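Take a look at the fold before reading on.

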Amino acid sequence: MATERTFSILKPDATARNLTGAVNAVIEEAGLRIVAQRRIRMSDAQAKKFYEVHAERPFYGELVEFMTSGPVVVQVLEGENAVAKYREVMGATNPAQAAEGTIRQKFAKSVGENTVHGSDSLENAGIEIKQFFDEKDIVG
Ligand code: ADP
Ligand code: MG
């Protein structure tokens with residue numbers, strides 16, 4: 001195992017319910033370190049680009065609308081095996097299928113409004129981090 005970085009977003013349903021600290025507590029308890037964090041409003045262009053792999057999916061429009069509907073917190077997480085570890089901590093996309101104790105099981109409202117994003121591969125983590133952070137703003 002190696003130390004990795006992954007990209008995380010606390011989505012608008014999390015910020016709307018003041019869950020930033022509660023979600024961060026789960027992240028930190030899992031041994032992941034928050035090495036960069038910023039609260040932003042995602043622009044329409046940013047959200048469309050970020051989720052462009054889903055452009056042909058029926059929920060793409062709804063997803064872009066949701067991600068721009070309120071503030072989000074973008075983060076870089078660091079730790080052993082961080083990409084797979086965070087996917088495990090997040091739980092399944094659909095909260096009804098998310099394992100006990102995962103962020104989505106605890107907090108997600110629905111398959112769309114599911115509280116967090118986490119990169120699905122080390123390669124995508126690198127690409128996603130670059131979309132929102134300068135290397136100098138990541139303090140490991
Ligand atoms: P994950 O975020 O677990 O990697 P996907 O990459 O499949 O999941 O989907 C990206 C995001 O699109 C999900 O986190 C969720 O917000 C939204 N989404 C996925 N499937 C649906 C769906 N069936 N209906 C509405 N929104 C969805
Ligand atoms: Mg995904």
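## The largest pocket

Helix α7 contributes the most to the lining of the largest pocket, with 4 residues. Helices (H or I, at least four residues) and strands (E, at least two) are DSSP runs, numbered from the N terminus. A pocket here is an open set of points on a 1 Å grid over the protein atoms alone, where a 1.4 Å probe fits, with protein on both sides within 12 Å along at least five of seven lines; lining residues have an atom within 4 Å of a point.

The volume of this pocket is about 720 Å³, taken as the space filled by probe spheres set on the points. Of its 29 lining residues, Tyr51, Val53, His54, Leu63 and His117 are the closest to the centre. Elements giving two or more residues to the lining are α3 (44-50), α4 (60-67), α5 (82-90), β4 (116-118) and α7 (122-132).

## Strand β1 and its partners

Strands pair if DSSP finds at least two bridges between them. β1 runs antiparallel to β3 (residues 72-80), joined by 8 bridges, and Glu4 has Gly79 as its bridge partner there. β1 is also antiparallel to β4, with 3 bridges; Ile9 is partnered by His117.

## About the model

This is a predicted model, in which local features need pLDDT of at least 70 and side-chain atom pairs count only at pLDDT 80 or more, while totals for chains, interfaces and linings use all residues. Residues are numbered from 1 along each chain as its sequence is written.

Definitions and conventions:
Chains are lettered from A and ligands numbered from 1 in the order in which they are written. Side-chain values use heavy atoms; hydrogens and water are left out.
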